[in-house]
Amino acid sequence: RMFHDDELEESEKFYIGQPRVLLLIYALYNTLVARSEMVCYFVIILNHMISASMITLVLPILIFLWAMLSVPRPSKRFWMTAIVYTEVAIVIKYFFQFGFFPWNKYVDYTKDKPYHPPNIIGIEKKEGYVHYDLVQLLALFFHRSILKCHGLWDEDEKGDSSSNKEDTDDELSLTGGRRDSSASLKSVNLAASVESIHVHFPEQQTAIRRKSSSSISQLSHRSSFSSHRSKRGKCHGIFVKSHCGLCCFRTLQVYVPIRQFFYNLIHPDYSAVTDVYVLMFLADTVDFIIIVFGFWAFGKHSAAADITSSLSEDQVPEAFLVMVLIQFGTMVVDRALYLKKTVMGKVIFQVILVFGIHFWMFFILPGVTERKFSQNTVAQLWYFVKCVYFGLSAYQIRCGYPTRVLGNFLTKSYNYVNLFLFQGFRLVPFLTELRAVMDWVWTDTTLSLSSWICVEDIYAHIFILKCWRESEKRYPQPRGQKKKKVVKYGMGGMIIVLLICIVWFPLLFMSLIKSVAGITNKPLDVSITITLGGYQPIFTMSAQQSQLKDLNQTDFNAFLGSYRGNTAALQFLEGYGKEDITLADLEGNSNSLWTISPPSREKMIQGLLDFSAEFTVVLSWSIQRTLETVYPYYIKAPSDSLAKPIKQLLTGMYCRWENITVSLVKNVSDEGVREWWVLNQLGKRYKTSEESLELFIFSDKVSPPSLGFLAGYGIMGLYASVVLVIGKFVREFFSGISHSIMFEELPNVDRILKLCTDIFLVRETGELELEEDLYAKLIFLYRSPETMIKWTREKT
């Protein structure tokens, strides 16, 4: 070895011999050091998520529009700005914690108000007001120490000065003098605007080339000349010129560097082209899922709602609709910029999105939801994922878009993972069609939309065949050998179980959902109304609260024992437990006076005395029916609103249709004659001395609220929506195979796959005539079976 050091070798052996836990700690620390700037970004964003104020809003915006866009890394000026700003913010927050400020006297009243000015600014009085700011400052100083250790803290000034010395006139002529022209423009503008000011521009001299040296000398001569004129006594004119020039200088001093920063970003000298669109799309997809399942966090009065219940009631929440449309719109725009490969458009979109998202999340959303952003966990999660998207977008802008976009990102490899992910991607409704149309709109091509879709479909089909052929090469099957049992029982058995589950899923679901996961639906009110012959009701009574009693285990066992020989009754009772049965104890005295008119009263008496005529008695509880045996003892309260007697418990020798006595009570007092009816049940199971009625209510279990939308369709609805729909897809897989043999059984698809890739490649390079020729060749190939056979033969 050329460079050998015994001490370094001993040190390496020492570290290798350390415990794994200590090595893990070393690795984590090295990772932290290597990505110290990401730690600073994370702490700054976390501080802003928790504080959510105007004071903490500045640094996140600077991160996404300055730090992450800087090439190759953020400058010393940014880190100094972040450090000084954090220190100033700590001092300001500390100063406003004193109690003599008026808004600090009513902290408990104003702490949850999102539009309270101190809360918006970030100067409210609270516990731990500066904890995260101190952590942020510690992270910034940690990163500063790392840069100093590696000699990168003062690298910017040295690098700029050295680069200026190395530039030559020949280089400027070859590159078109882009930087030279911009520097000269700055020199001329500043020279014209600040004629009467003797001032030096150390920041801008670093960007000026040799060609602009003359303009600098002109500026210095003019400045010195104006200074000599000022000594001659023209003080008033010089003062006006100096004031105007100073204003222009300060304006240009802010505007020109910003303009030059974005100009260099859009027109870089070099770019490490990369493609992180897939990661940006995944971040947007995660945000989309957060919106769907947490949409209530973006509305005012929808905190207790869920999207399934809202949609099942044919209601589309406004907050959900707005958030989904905005999120989907940004995804479409991002796709368009990616296909057009326009960095300028991406920069403009990044600026608009950064300012728009921060303004909406921290100034509009708290007013809509009437709660602070720091109290909205779902919104915080959405914002954090959006910050990841902003970081990826900045990285894409800094590196530049790829020059060629070929195919789907899932088609880069030919394995089972890519195969199943790609097929899952194609199963999402309208996603494949939307992507194909968008690609056609924003890609230069001579193909029509139908031809474009044809190429996409052929490419997808060939890619799937290529994956299967590669899997056959990796796991070959020798000729003349039967399939292994592992394959047959593994794949075939899984398909058999899956098909059986699909066929019997509705019955299994409806059987288990209420018996296993069902919730007892106790009655809250039991009402009885009795009417004689259609006249004024003679009895109305309700049982509530304490009058609705539960059976204990002893009473329930005795109840079951009374039906020991009745098979039908026992079969019915198997589906109920003691918690499902409610005993309603209704008062025998009617809770309303009998207010019948005298003529109707006389007519009713005549009808009751005439034994040869029929006189109906109507008992109402949730249904109305003419009673033959007067009183049903057991009533079933199903999950719907219709209650009915239980026939299994009311037939045969165990019939419990109970008779009741009806008597009219007349009370004569100074206030007049008052009448009401009294009912008493003769065969009560739990006997009481007072006149009363007993009623057993069997309550069916109901499905949990989370599965109610699915159970509400019933068995037939589930069969129609699940079994038949899935069965259609399964039938398409098993039928029509003979018609696709020509296009499915292709031994080698490499040539066709290369032809599709060539079409994508010439389209990206702008060879549109060649694109038409290759497309015609592809169509001819699919029209000619003989040529297809030649093209798909195995290579020899």
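Let's start at the surface, where Asp 5, Asp 6, Glu 7 and Glu 10 gather in a patch of negative charge. A patch here is made of residues with over 30% relative accessible area and no salt bridge, with like charges joined within 9 Å and nonpolar side chains (Val, Leu, Ile, Met, Phe, Trp, Tyr) joined within 5 Å. Asp and Glu count as negative and Lys and Arg as positive, while His and the chain ends are not counted. The place of a charge is taken as CG of Asp, CD of Glu, NZ of Lys or CZ of Arg.

Before going further, keep in mind that this is a predicted model, in which local features need pLDDT of at least 70 and side-chain atom pairs count only at pLDDT 80 or more, whereas totals for chains, interfaces and linings use all residues. Residues are numbered from 1 along each chain as its sequence is written, and side-chain values use heavy atoms, with hydrogens and water left out.

Asp 6 is found in helix H1 (residues 6–16); helices (H or I, at least four residues) and strands (E, at least two) are DSSP runs, numbered from the N terminus. Asp 6 counts as exposed because its relative accessibility is 51%. For the cut-offs, buried means under 20% relative accessible area, exposed means over 50%, and partly exposed is in between (1.4 Å probe, protein chains only).

There's a nonpolar patch on the surface too, formed by Ile 496, Ile 500, Val 503, Trp 504 and Leu 507, with about 480 Å² of accessible area together. Such areas come from the Shrake-Rupley method with a 1.4 Å probe, and for residues only the protein chains shown count as cover. Ile 500 lies in helix H23 (residues 485–515), and its 47% relative accessibility is why it counts as partly exposed.

Most residues other than glycine have a negative phi, and most peptide bonds are trans. Ala 52 has a positive phi of about 50° although it is not a glycine. You'll find Ala 52 in the loop between helix H3 (36–51) and H4, and with a relative accessible area of 16% it is buried. Pro 72 lies in the loop between helix H4 (54–67) and helix H5 (76–95). Glu 370, also not a glycine, has a positive phi near 60°. Its loop runs between helix H18 (343–369) and helix H19 (377–399), and Glu 370 is partly exposed, with a relative accessible area of 48%.

Next, the charged pairs. Side chains of opposite charge can pair when their charged atoms come close. A salt bridge here is a side-chain nitrogen of Lys or Arg within 4 Å of a carboxyl oxygen of Asp or Glu, and by this rule the count comes to 18 salt bridges. In one of them, the side chains of Arg 335 and Asp 439 meet at 2.9 Å, N to O. That pair links distant parts of the chain, 104 residues apart, with Arg 335 in helix H17 (residues 318–340) and Asp 439 in helix H21 (residues 431–441). Both Arg 335 and Asp 439 are buried. Arg 763 forms a salt bridge with Glu 771, the closest N and O atoms being 2.9 Å apart, and both Arg 763 and Glu 771 are buried. Salt bridges that share partners also join Arg 335, Arg 435, Asp 439 and Glu 456 into one network.

Finally, have a look at the open sheet of five strands, which has the order S3-S4-S11-S7-S8 with mixed pairing. S3 and strand S8 (644–645) stand at the edges, each with a single partner strand, so one side of each is left without a neighbour in the sheet. Two strands pair if DSSP finds at least two bridges between them. Seven bridges join strand S4 (residues 581–587) to S11, and these two run antiparallel; Leu 583 has Phe 696 in S11 as its bridge partner. Strand S7 (residues 634–637) runs parallel to S11, joined by four bridges, and Lys 636 stands opposite Phe 698 in S11. What about S11 (residues 692–699) itself, is it mostly covered or uncovered? Mostly covered, as eight of its eight residues are buried. Ser 692, Glu 694, Phe 696 and Phe 698 are on one side, and Leu 693, Leu 695, Ile 697 and Ser 699 are on the other.
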